[in-house]
Amino acid sequence: EEAIASYEKAIEIKPDDLDVWSDRAIALSDLGRYEEALISYGKALELDPESAQVFFNIACCYALQNVIEKSLEKLSQAINLDPQCREDAKTDPDFDKIRSDRRFQDLTY
């Protein structure tokens, strides 16, 4: 919660900082506040619509909620922007809930 408060202050000072929006989203996701996290990730994508890392993190956020279709869509976008995301997804624990899904396996292997 303290980190989120700090990110709020940072956003007031520099509302166009991609890292602040992304870090805020990660903190919100860690707290299970996924809808708020997705809003912050959306703002981060407005600032950099080609950020593979933001797409990857959105995919993680959806995977944690077991929203498979959206997770796979965002993961696919991340992989298209940066093929390293395919390797990262194989071991990222955020994908544990959807790892056994055939579509996830097809996308990452």
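## Overall fold

The protein has seven helices and zero strands, where helices (H or I, at least four residues) and strands (E, at least two) are DSSP runs numbered from the N terminus. This is a predicted model, in which local features need pLDDT of at least 70 and side-chain atom pairs count only at pLDDT 80 or more, whereas totals for chains, interfaces and linings use all residues. Residues are numbered from 1 along each chain as its sequence is written, and side-chain values use heavy atoms, with hydrogens and water left out.

Along the sequence the elements follow the pattern α-α-α-α-α-α-α. The radius of gyration of the protein is 14 Å, close to the 13 Å that the globule rule gives for 109 residues, so the protein is as compact as a globular protein of that length; the radius is taken over C-alpha atoms, and the rule is 2.2 Å times the number of residues to the power 0.38. Taken along the principal axes, the box filled by the C-alpha atoms is roughly 45 × 25 × 20 Å.

## Burial, surface and contacts

Of the 109 residues, 40% count as buried, with buried meaning under 20% relative accessible area, exposed over 50%, and partly exposed in between (1.4 Å probe, protein chains only). The accessible surface of the protein comes to about 6100 Å², and 48% of this area belongs to carbon and sulfur atoms; the areas come from the Shrake-Rupley method with a 1.4 Å probe, and for residues only the protein chains shown count as cover.

Among contacts between residues at least 6 apart in sequence, 47% join residues at least 24 apart, a contact being defined by heavy atoms within 4.5 Å.

Helix α3 (residues 34-47) has 14 residues and reaches 20 Å from its first C-alpha to its last, close to the 20 Å expected at 1.5 Å a residue, where the expected span is 1.5 Å times one less than the number of residues.

The buried residues of α3 are Ala-37, Leu-38, Ser-40, Tyr-41, Ala-44 and Leu-45. They cover an arc of only 160° around the axis, which puts them on the same side of α3, the arc being that of the directions from the helix axis to the C-beta atoms. What covers these buried residues includes α2 (18-30) and α4 (52-64), while on the other side of α3 Glu-35, Ile-39 and Glu-46 are exposed.

## Salt bridges

Side chains of opposite charge can pair when their charged atoms come close. The structure holds 10 salt bridges, each defined as a side-chain nitrogen of Lys or Arg within 4 Å of a carboxyl oxygen of Asp or Glu. In one of them the side chains of Arg-24 and Glu-8 meet at 2.6 Å, N to O. Arg-24 lies in helix α2 and Glu-8 in helix α1 (residues 2-13), so this pair ties together parts that are 16 residues apart in sequence. Arg-24 counts as buried at 12% relative accessibility, whereas Glu-8, at 31%, counts as partly exposed.

Another salt bridge joins the side chains of Glu-69 and Arg-103 at 2.2 Å, N to O. Because Glu-69 lies in helix α5 (residues 68-81) and Arg-103 in helix α7 (residues 102-108), the pair ties together parts that are 34 residues apart in sequence. Glu-69 is exposed at 53% relative accessibility, and Arg-103 is partly exposed with a relative accessible area of 37%. Arg-103 also forms a salt bridge with Asp-101, the closest N and O atoms being 2.8 Å apart, and Asp-101 is buried, with a relative accessible area of 16%. Elsewhere, salt bridges that share partners join Glu-1, Arg-33 and Glu-36 into one network.
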